[in-house]
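This report describes one protein model and the parts that can be read from it. Please look through the sequence and the structure before going on.

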Amino acid sequence: MLIKNAKLVTWGLPNQILEDHAVYVQDGVIAEIGSTSELEDRYPEAEVLDAGGQYLMPGNICAHTHFYGAYARGMAIPGPAPKDFPEILAKLWWPLDKALDEASVRASALVHLVDAVKHGTTTLIDHHASPNFIDGSLDVIAEAVDQAGLRAVLCYEVTDRDGEAKAKVGIAENLRFLKRTHTGEVAGGRVAATFGLHASLTLSEATLEACREAVPEGVGFHIHVAEHEADEEDSLAKSGLRVVNRLQKHGILGPHTLVAHGVHIDGAEMALLAETGTWLTHQPRSNMNNGVGAAEVEAMMKAGIKVCLGNDGFSQTMWEEWKAAYLLHKVWHRDPRRMNGADVVQMGAYNNAALAGVFFPDAPIGQLVPGAHADLILVDYHPNTTCTPDNLPWHILFGFHESMVTMTMVAGKVLMRNGELLTLDEEAITAEAKAQAPEVWERYRQFVPKN
Ligand SMILES: [Zn+2]
C-alpha cells in the first residue's frame, strides 16, 4: 500500500518532518520512503491511501497498562473513600480483579483495544490479574489483541495475596504463555510475552526465588515498584533491603525487565536501575489519581535510567499521558521550567520505541525508516503556527488530540480508516461488556472488605 500526500514525522535522530511525502508499505514493514511523486512513479499499481496532507507518524506505544480495569469505570466503592494507595488496592483493585471470569477478562480487554485503535496506540504492554481465572487468561487476551490487529506484550501478575496455590498457577501461566509466544507466531508475531510480578509488597522471598528459578535467561520481568512508600516499608521489613535492592538480590533486574512507577525509590535504587539497564515506566495520571506523589523521572533520566511512559489502565490516549507528564512536574515542583517538552518526547516516543524493540526485535518499531514495522497513524492536525521538528513537542502537547487520529495501521494492516473501525465492532463490544457489568459489580461487592 502507498500512503501518499502526507507530512511524515519520522521520530528519527534527529527527528524530521517531511512535507508531501509518501510511504510504501509491503509485507508488514515500511519498504520505502520518498516524495509523493517519486513513489507514485515507482509503484503505479499500488493500492493508494491518500493522506490529504495529514501527519503520518509512528503509532503511539504504551509501556504499562491493565486491560482488566475497564469495569472500574463508574463503579462505586462501598463505604468511606480509600484514604491512601494501600486502601485503593484493598477496596478497589483486588476485589475487582477477583470478580473477573473468562468472559469479563475478554470484554474488558476488548473495550481497551477499541480505545487503542481509535486513539492510535498501536503497541501496548499489559500487566494482567484475574485470580479466579488465571490458567488460560493470557490466551483470551491474546485472542482479543489478534482480533483487534494491535501489537501487545502480555504477562500475568504473580502474587502471594491469594495464597500459595494461586501464586503457583500464576507462575505456570506466565511460563506457559512465554513458551507459546516463543515461536513468534502468536497473532502473527504481534503478541509477545514477559514474566509478570504484582509488586514486592505481595511477594514472599520464596515466591521471588521460585520465579527467578523458573524464568529462562534472556526473559525479563514486569513489576510495580515503590508506587507508594508502603512497598518500601514492606520490603525493608521482609528483607532488610529497599525494593530495588531486594529485586536485585533475586536477579529480577536487567535490560529485559520493566519496573512501573518508582515513585518512592531513593538515589541508590536509581543508580542500581541505571547500572543494570532496567527500564522504568512513568504513569503520571495514575500517580495523580492515587495521590502517591510524582516519580522523580527527570533525575532518573539524568542518572541514565531509560524512562518510558505508560497509562496504568487509564484511557488508551497516550498524548493525554504526555500532557499529564508535562504538567504534573511543573505543579509538583512549583517550577514551570520542569519537564521540558523534549523530555516528554524522549520518554513517550524514543524510550517507548526502544522498549518495544526489546519484545519485537526483528525490525525497528516506533520510527519511520525503511525496514521498520508499519505501525502508523494519520493525524488530521492543521497547525495555526509553523510546525518544525524543533517545536513539534509543544504542538503535540498543546495542539494534538487523539480525536484527530483518522487512520491506524499495525504491521501494514489498516485497523481504522477515516475514523471507521475495520477489525472491531465497537457497538457490539460495548453492549457485551455492559451486559456483563451488573454481574461483575455484584461479584466485586461480595469480595470487597466490609469495614
Ligand atoms: Zn499498574
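This is a predicted model: local features need pLDDT of at least 70, side-chain atom pairs count only at pLDDT 80 or more; totals for chains, interfaces and linings use all residues.

Four strands, in the order β6-β7-β8-β9, make up an open sheet in which the pairing is parallel. The strands at the edges are β6 (60-65) and β9 (191-193), each of which pairs on one side only. From one strand to the next, the twist averages 15°.

How many bridges join strand β7 to strand β8? There are three, between β7 (residues 121-126) and β8 (residues 151-154), and the two strands run parallel.

Helix α5 (residues 164-181) lies across β8 and β9 and runs at about 135° to β9. Helix α13 (residues 341-359) lies across β6, β7, β8 and β9, and its direction is at about 70° to β6.

**A residue in the sheet**

V153 belongs to strand β8. Is V153 buried or exposed? Its relative accessibility is 0%, so V153 counts as buried. Leaving aside neighbours within four places in sequence, V153 is in contact with L124, I125, D126, A192, A193, T194, F359 and F360.

**The zinc site**

Which residues coordinate the zinc ion? They are H64 (NE2), H66 (NE2), H224 (NE2) and D312 (OD), at 2.0 to 2.1 Å. Along the sequence, the spacing of these donor residues is H-x1-H-x157-H-x87-D. The angles among the four donor atoms range from 91 to 162°. A tetrahedral site would need all angles to lie between 85 and 135 degrees, and the site of the zinc ion is irregular.

The cut-off for buried is under 20% relative accessible area.

**A residue in helix α2**

D97 sits in helix α2 (residues 85-98). With a relative accessibility of 1%, D97 counts as buried. Not counting residues up to four places away in sequence, D97 touches Y68, A129, S130, P131 and R161.

**Backbone details in loops**

The loop between β1 (2-9) and β2 (17-26) contains P14. A cis peptide bond joins L13 and P14, with omega at about -5°. W11 is also placed in the loop between β1 and β2. Although W11 is not a glycine, it has a positive phi of about 50°. W11 is buried, because its relative accessible area is 7%.

R334 lies in the loop between α12 (318-333) and α13. R334 is not a glycine, yet its phi is positive, at about 50°. Is R334 buried or exposed? At 79% relative accessibility, R334 counts as exposed.

The table gathers the accessibility of the residues described above.

| Residue | Relative accessibility | Class |
|---|---|---|
| D97 | 1% | buried |
| W11 | 7% | buried |
| R334 | 79% | exposed |

**The chain as a whole**

The protein chain has 15 helices and 18 strands. Along its principal axes, the C-alpha trace spans about 65 × 45 × 45 Å. What radius of gyration would a compact globule with 451 residues have? The value would be near 22 Å, and the protein chain has 21 Å, which agrees.

Of the 451 residues in the protein chain, 59% are buried. Contacts can also be sorted by how far apart the partners are in sequence. Among contacts between residues at least 6 apart in sequence, 75% join residues at least 24 apart.

How values were computed:
Residues are numbered from 1 along each chain as its sequence is written. Side-chain values use heavy atoms; hydrogens and water are left out. Donors are N, O and S atoms within 2.8 Å of the metal (3.2 Å for Na, K and Ca); water is not among the atoms, so sites may look incomplete. Four donors count as tetrahedral if all angles lie between 85 and 135 degrees; four count as square planar and six as octahedral if opposite donors are over 155 degrees apart and all others between 65 and 115; anything else is irregular. Two strands pair if DSSP finds at least two bridges between them. Axes are lines fitted to C-alpha atoms, for helices over the stretch in contact, and angles run from 0 to 180 degrees between N-to-C directions. Contact means heavy atoms within 4.5 Å. The radius of gyration is taken over C-alpha atoms; the globule rule is 2.2 Å times the number of residues to the power 0.38. Buried means under 20% relative accessible area, exposed over 50%, partly exposed in between (1.4 Å probe, protein chains only).
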